[in-house]
Amino acid sequence: MSTCSCNADDDERSRLAYRLLPGEQEAWLQRKGARIHWSKLWARQKPPQASIVLLHGAASNASRWEEFIEATPLKENYDIIRQDLRGHASSVDRQKATIEEWCGDLESIFEAAGLKKAIVIGHSLGAQIAMHFAARCRQRLLGLVLLDPLVDEALTQKAKVMKSRLPLLRLLEHSVRLVNALGIRRRLQHQDLKAMDACARHKIERGGKELEAFVKQYSSALEDLKYIHAAAYLRDMIEVGRETPPTEAISCPTLVIGASAGTYTNEAAMQGWVEKLACAQMVGVQCFHWPLTECPQDVSRVIEEWIAGRFAQAQHA
């Protein structure tokens, strides 16, 4: 796999990198001023049926997918790739990340991994990137799985209020980047989402005030900012609010996993959007917005059954 030369950010990259699973190989990609951290786990059966690429959400990193990869039987027959998005964890980048740059990074990973096509799975911001990638590089996709995507026509009132603040977020981002240019920058904590999720599930199981505390924690900008630089966090919030691509631009087989107790999206409105897609279905799961935390087994089952039904005979791409 491709590598690139070291630079002054290597200490931070190393400290913030996610754990590799047995058999998973680490790789780095240099593109447009950023060093992108990604990894690949080869299917146990040769040749693999196809490849799966996983995209995490805002203020997150590729450790989000650790439990999914550990548990899923898909790794028997599918190569699995995950990455820290530009500006997150070990993919340090001091420049503005955009949907276009993230899509470009993803396409470069396809090239580096020798992929012609893959199934792309994304949560929240990762789903936003996946939708735009589908519109931009439709020839690259076997299929698309979107976990609670922030689709314009399915947003709750809370999400609409957040989106209305985009001009303020842009001003704040500009101010933070000016401060960063003076050399003022925080030391981030390492974010282990597997461990965080284990604690979160105890709160969810208890319900009541403990459940409220979980939602507050996972919705908190102050909590998120322990693990991501402020400018990158603000850019996440800006980019996740980008306009949804037109439905006719998403033509590949698509699975949408909707949040039935949605914090940011309305399940019925999401179903209406899904029905406009050329080849799509929607399955609702009981969660607020963090399905891989709240109901990981349900999410894995839905994804595995959909992939088995759609791509069991797919040839490796």
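G258 has G284 of strand 8 as its bridge partner. The model is predicted. Strand 8 covers residues 280–285 and runs parallel to strand 7, with six bridges joining the two. On the other pairing, L144 stands opposite T254 of strand 7. That pairing, between strand 6 (residues 141–147) and strand 7, is also parallel and has four bridges.

| Strand paired with strand 7 | Residues | Sense | Bridges |
|---|---|---|---|
| Strand 6 | 141–147 | parallel | four |
| Strand 8 | 280–285 | parallel | six |

Strand 7 spans residues 254–259. Six of its six residues are buried, so the strand is largely enclosed by the rest of the structure. Both faces are covered. T254, V256 and G258 are buried on one side. L255, I257 and A259 are buried on the other.

Strand 7, helix 11 (residues 267–274) and strand 8 form a β-α-β unit, and the unit is right-handed.

**Helix 3 against helix 4**

How far apart are the axes of helix 3 and helix 4? The separation is 9 Å, and the packing angle is about 70°. Helix 3 spans residues 99–113, and helix 4 spans residues 125–136. The two helices are therefore roughly perpendicular to each other, as angles of 65 to 115 degrees count as such.

Helix 3 makes the contact through I99, E100, W102, C103, G104, L106, E107 and F110. Helix 4 contributes L125, Q128, I129, H132, F133 and R136. By class, the contact has eight nonpolar, three polar and three charged residues.

Technical notes: Residues numbered from 1 in each chain as written. Predicted model: local features only at pLDDT ≥ 70, side-chain atom pairs only at ≥ 80, totals over all residues. Heavy atoms only, no water. Buried < 20%, exposed > 50% of the residue type's maximum accessible area, 1.4 Å probe, protein only. Pairing = 2+ DSSP bridges. Right-handed = clockwise from strand over helix to strand, strands pointing away. Axes fitted to C-alpha atoms, helices over the stretch in contact; angles between N-to-C directions. Parallel < 35°, antiparallel > 145°, perpendicular 65-115°, else oblique. Contact = heavy atoms within 4.5 Å. Nonpolar A, V, L, I, M, F, W, Y, C, P; charged D, E, K, R; others polar.
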